[in-house]
Amino acid sequence: MDAGEALLLLLLIPGGAMLLTLFVPSRHVNVVRYIALITTIATLIDSIWIFAVYDFAEGGYQFDLQYPWIENIAFLGENGISLHLAVDGIAAPMVLLNGLVGFAGVLVSWKITHRVKDFFILFMALFTGVYGVYIGQDLFFWFFAYELAVLPMYLLIVIWGSTNKEYGAMKLTMVLVGGSVLIFIGIFAVFAEAGAGTFDMAVLREVNFGRSFANTFFPFFMIGCGILAGLFPFHTWSPDGHVAAPTAVSMLHAGVLMKLGAFGIIRLGMEILPAGTDFWMPVLLVLGGVAAVYGAISAIHQTDLKFVIGYSSVSHMGFVLMGLGTMNNIGVNGAVLQMFSHGVMTALFFAMVGGLYDQAHTRDIRVFGGLVRKMPLFVIFFGIAGLTSLGLPGLSGFVAEFHIFVGAIDTFPLFAALGILSAALTAIYVLRLMGRAALGPFNPRWESLKDLSRWEIAAAIVLIAPIIAMGVWPDPFIDRIAPTVADLPQVEQIGNLFTLSSLTGR
Amino acid sequence: MDLEYQLIIPEFVMAGLAVVVIAAALAFRNVDQKWFGYATAAALGIIAVVTAIAYWNTHDDFGNVLAVDHFTVLFRVFFLGIAFFTVLAAVQFAGDRLKNHAEFYGLIVFATLGMMLLAASRELLTAYLSLELLSFSFYILVGFNKLNPFSNEGSLKYMLLGAFSSALMLYGISLIYGVTGTTLYSGIEPDGVAAGRNIADQLASFGGFGGGVDPDGARPGLLIGLVLITAGLGFKVSAVPFHQWTPDAYQGAPLPITAFLSAGGKAAAFAFFLRLFTEAFLPAANEWVWFVGILAALTMIVGNLMALQQTNFKRLMAYSSISQVGYLLVGIVALNATNIAQSQDAASALVLHLIGYVTTNIAVFAAIIAFYNRTGRDDIVDLRGLAERQPFLAFSIAAALFSLAGMPLFAGFATKFIMFQAAFNNGFLWLGAIGVTASFVSLYYYLMVIKQMYLYEPEGADRERFHVSRPLAGALVVLVAGVLFIGLYPTPLFDVIHSSTESLFEQAAALSAAAVGK
């Protein structure tokens, strides 16, 4: 399968839209919005196509495309830095995830009225950067895209954010860029150690890095990327950042950006430095388990809706890191499934909270009550997100978390128990939240609330569809993820779960 | 000896231009003074283009004291370009706030002449004299706003410390002369044999000091000489701990001169640094890499930490430029005595970063000058709401600051990436790590500026949108485009630079080839 141009389009469409928007006079607000809408529809279609066409029977990297960029200068040899794009079975669902969340993000951003043009320019930069990370196969380009995804956050939060936005934005940016300093140093070291004169990951994956080198530099990638995935104890930027960010940015941020961190651990850590996994993956498992419980307990104490979801994200990303830490195929499968599942679910959460906050101008759980009377659709959608979050069978969260727990029991039973405990804690805060705000006695202060706008309903449907699809029929996802995970070096095979599909032949 | 005067015609023309500009002001008293500025800029532009075309393929030397090779030509054009943009940005500023415009432009031309000679010098005293021509022009220019006490203070401080550093350097030169018996950097005949006595040859003949071999007892004298020259140069480039004059001089100087000082002054000092440490001192690299490395680390750390506390934009840029010097010094540390190809990569990476940095810095200052022309203020908080009042200026400043912080898309990312990698390859992992961490710290204070522009609404009496003069806006567009171009596709520029740094390593390459031949 080599229709690599489809991947190139993922960068060119939003990148081009960004440039195009630059030249639209800022008073033509609707032109700007429709450009963004058409762009994200186009990228969504492209993403779905890539996900669908990815040949899972063949597995491995597909849609390979490579253009030289900077080569034959200084220490860079042939293809030193190239625009090398490809997706494997892990990246394919992530590409789809970004398409979905980006599209939904534009829909809920329709109501932004302050400096619309600037907003969508930055939004598109972030969106392009995220695609770049998922499909990039060159360390230089990968890091470039990674920074491109992180940096616009600062302006997006500072200009369009709310609650304590200056603090939240600065904290987020500095912590994340601090993480990328570690990644940067790791990339330098890998390049120098390999001595191949290229940043091409396909070449670097073949290099056999020694155990001591790998043990030294694996944590640079693990912690550097892990910070973005909310790795305990570096997670505190995440709730603050989420609360401060405007709705669409929270969605993209929790939905796809945090996944970049976990994805980076797979791409840079597990694939390039597999020799370091033996020593460090148990650490990741422990930290992930701690984050899962700690995030859930913190979420119980919060009164601000966005803080609840922010800490819940920390908790769920803890599951992802735990899954990766198991280093067996079921656990890692679960981690990737959870990345997707949590991505759409949390985007849905933030979209709904945004819809409520814009009318109510508060997110304090204690003042709400009986919202179902005024906002039935809101309550339904919010409820679906909540139930996914606590792992109700039939929704995507269950599939993912079940994999992770089965994987964890195999390697570290105690932490599997801890994970299951935190899933139970999730039930506490989600159900309490639902009981308090959505049901319960109606607070007459909210007489004037209206239900969601049609843009928000559209966004919610876009996000709920994959939640249910993955919940009842996870095969398309597992078919793509499982063979790729099985090919990861150092990942132990402990049989298959759910993977009933005869198509994979495994 | 036959001296080929045609090789240094651009320098003669520059000297003539400076005199003509000053004389013309006496002759044409009724002409609007801004035309002197535009005329100077036009002349600089023309000289740059003609020099590039006429001399690119020249490879010769002027009595062995001035080399005219790719490196010289590249830097000639580079300095002329810096002067061109500085003058262009200065025209409105000078018209509004300075007197004696023609002398102002004339001194800029003299300073540029000093830079051009400095990059070409391959003899210590010639280099020293060029550096003094450059420095004296700057002493006057910094104090040019003579009614402003800050300007006087900055100028005085700069001059006193500058004179001190010149003395240090001169003493270092005398020691090197004492040890090696020559002030010529290097020089080879077409047949690959060293032409007469020169520093590189002498140092190489000492044969690796590291092994404890010290045949002539030359090591102490050489080391002290190297340290003194490095210290003197450290003053000129404002490396920590020789940086004390910088913030005051930057703050006191008229804004265009701050720009010129931070771009041209640094670039010239580094051209000198590079030529001296490659052509002459490369064989003794093991002797000096460690203290240049410490200097680089200190400069990056202190520069960035001090910048965090600044409230005045010019002082912020002063400390920011100090930290940038630290990054540039990393390029010097990446030089290696034995691996010539790797050294050349390091030198090219350094020049690439230098060009990227200078382009970025001029862009920042051009935008700030445009802002200052309107408001007359230069504190960071005064930038409040600039994104509402003048989006293009705000965008230019933001892009340039992101570039200085080494963020992708912009020049700073690609060039720093290449340069730090060169240091890594030379075994200086710790230095590269400090560099990356320091860039991360720098992001904080650059973001503080960007926050002022984008986050807040305009304040104070003057909140209207305003226009930027055409020439200045045009210059800014070109500079920002340059920053983006270098960031996204540095290959063509790097190729040009790489062919120019080749001439720095001719003797070293010939010597190592001869060593292999034996």
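Let's start where the two chains meet: 28 residues of chain B are in contact with 23 residues of chain A, two residues being in contact if their C-beta atoms, placed from the backbone, lie within 7 Å.

| Element of chain B | Residues |
|---|---|
| α13 | 340-375 |
| α16 | 411-425 |
| α17 | 429-455 |
| α19 | 491-501 |

The largest share of this side, 11 residues, comes from α17(B). By type, the side of chain B that touches chain A divides into 18 nonpolar, 7 polar and 3 charged residues. Here Ala, Val, Leu, Ile, Met, Phe, Trp, Tyr, Cys and Pro count as nonpolar, Asp, Glu, Lys and Arg as charged, and the others, Gly among them, as polar.

This is a predicted model, in which local features need pLDDT of at least 70 and side-chain atom pairs count only at pLDDT 80 or more, while totals for chains, interfaces and linings use all residues. Residues are numbered from 1 along each chain as its sequence is written, and chains are lettered from A and ligands numbered from 1 in the order in which they are written.

Now look at chain A. Its helix α18 (residues 454-472) has buried residues including A:Leu463 and A:Ile467, where buried means that 20 or more other C-beta atoms, placed from the backbone, lie within 10 Å of the residue's own. The buried residues of α18(A) pack against α3, α14, α15, α16 and α19 of chain A.

Elsewhere, A:Ala189 sits in helix α7 (residues 165-194) of chain A. A:Ala189 is buried because 20 other C-beta atoms lie within 10 Å.

Note on methods:
Helix = DSSP H or I, 4+ residues; strand = E, 2+ residues; numbered from the N terminus. Buried ≥ 20, exposed ≤ 12 C-beta atoms within 10 Å, placed from the backbone.
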